[in-house]
Amino acid sequence: MKPSLLVAPLFLLAAGLVPTVQAASSVFDWAQHDWTRPRPAVVQPATPSTQDRPGKPPSDAVVLFDGASLAPWVSLNGSAPKWIVKDGALECVKGSGYIRTLQAFGDCQLHVEWAAPTPPEGTSQGRGNSGVFLMGMYEVQVLDSHENVTYADGQAAAAYGQHPPLVNASLPPGQWQTYDILFTRPRFNDRGEVTSPARLTVLHNGVLAQHNVELVGPTGWLKRDPYRAHPDKLPISLQDHGNPVRYRNLWVRELGADGKRPEFVYDNATLNKLIGSYRVDDGLTITISRPEQLLVANVAYPGRSMPFTLHAQSPTVFYARTFDGLFTFRTNAEGAVESLVFRIGGEDRPARKNP
Ligand code: MG
């Protein structure tokens, strides 16, 4: 394919002339009881947990902890997590740092089971403290709030520092408790301004604790930071607050069309290896840079260049959200990146890395 043939589809996309996100259908888009209306996917539901045994996640969930594998988790810097797996539970190790999922999520349904340490030690925020951070910055507080008084917006199931839970549905320390969280990520416009804030619903042990509350920004201690534009999907993290809080049966379901394409967040070293300039034989140049956390591919030919944010499907395969293209990086025997294949319009366009 010559550059001229490539121009049309990319140009239309760059000009925003091709819809890339399907709008949610309205009730009035369909006749009532239309037999041809697409039916929802069939899902095998979750089975309930007991104190002795975790239940099974629903069939379409992404399993974050199955009682054994730490593969879905890394430390915040991307290294192997230092939390331990003991008796089917994932236990926080004091001082080892937060852990985060390798996969990134936006709107989601998240199921968490946790147990505070027993016998309890400490008081207030010092007792059985951890936290579930949606997108790494919106905390649903985990705290032993059974007969443990603390500030209302910091007790179990609080949107930390913003919304106290509606009730205190805590079980005693040592017992397994559940959070079922529905999270709607914030939306930002092109100027980075928030157009709709994050929203949160939390059931604590099956009891409604947060009812579609609006977050005013990232949660924090002693401060309420304003929103700052961030990617549509980011990892979920769990807090190391120095207490050996345990977790089990962690699963998440991505909500919306975005969920069809998983995205992962790799460490800096993995991404930095890919940075460079790649040349396709017919004069097309693809420059990979990393202005912030995500990679950007600048696709250029004489007279025109177009930047696209890349999303990781694996450590070497990336996609753009705004058009149907794939960037696959190839390494040599020593593990150095030497080429990439740009797949667009059903055609593979190999590009060699410039030295
Ligand atoms: Mg906490």
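The briefing below takes the cavities and then a surface patch.

This is a predicted model, in which local features need pLDDT of at least 70 and side-chain atom pairs count only at pLDDT 80 or more, whereas totals for chains, interfaces and linings use all residues. Residues are numbered from 1 along each chain as its sequence is written, and side-chain values use heavy atoms, with hydrogens and water left out.

**Cavities**
- A search of the whole structure finds 2 cavities of 30 Å³ or more (a cavity being a set of points, on a 1 Å grid over the protein atoms alone, where a 1.4 Å probe fits but cannot get out, with lining residues having an atom within 4 Å of a point; a volume is the space filled by probe spheres set on the points, which are joined across faces, edges and corners).
- The largest cavity holds about 70 Å³ of space, and its lining includes Glu263, Tyr266, Gln293, His311 and Phe318.
- The largest share of that lining, 3 residues, comes from β20 (strands being DSSP runs of E, at least two residues, numbered from the N terminus).
- The second largest cavity, of about 40 Å³, is lined by Pro231, Lys233, Leu234, Glu263, Val265, Gln293 and Leu294.

**Nonpolar surface**
- Leu166, Val167, Leu203, Val207 and Leu208 make a nonpolar surface patch of about 370 Å² (patch residues have over 30% relative accessible area and no salt bridge, and nonpolar side chains, namely Val, Leu, Ile, Met, Phe, Trp and Tyr, are joined within 5 Å; a salt bridge is a side-chain nitrogen of Lys or Arg within 4 Å of a carboxyl oxygen of Asp or Glu; accessible areas come from the Shrake-Rupley method with a 1.4 Å probe).
- Leu166 lies in the loop between β8 (138-142) and β9 (177-184), and Leu166 counts as exposed because its relative accessibility is 55% (exposed means over 50% relative accessible area, with a 1.4 Å probe and protein chains only).

Note on methods: On a 1 Å grid over the protein atoms alone, a cavity is a set of points where a 1.4 Å probe fits but cannot get out, and a pocket is an open set with protein on both sides within 12 Å along at least five of seven lines; lining residues have an atom within 4 Å of a point. Helices (H or I, at least four residues) and strands (E, at least two) are DSSP runs, numbered from the N terminus. Patches are made of residues with over 30% relative accessible area and no salt bridge: like charges are joined within 9 Å, nonpolar side chains (Val, Leu, Ile, Met, Phe, Trp, Tyr) within 5 Å. Buried means under 20% relative accessible area, exposed over 50%, partly exposed in between (1.4 Å probe, protein chains only).
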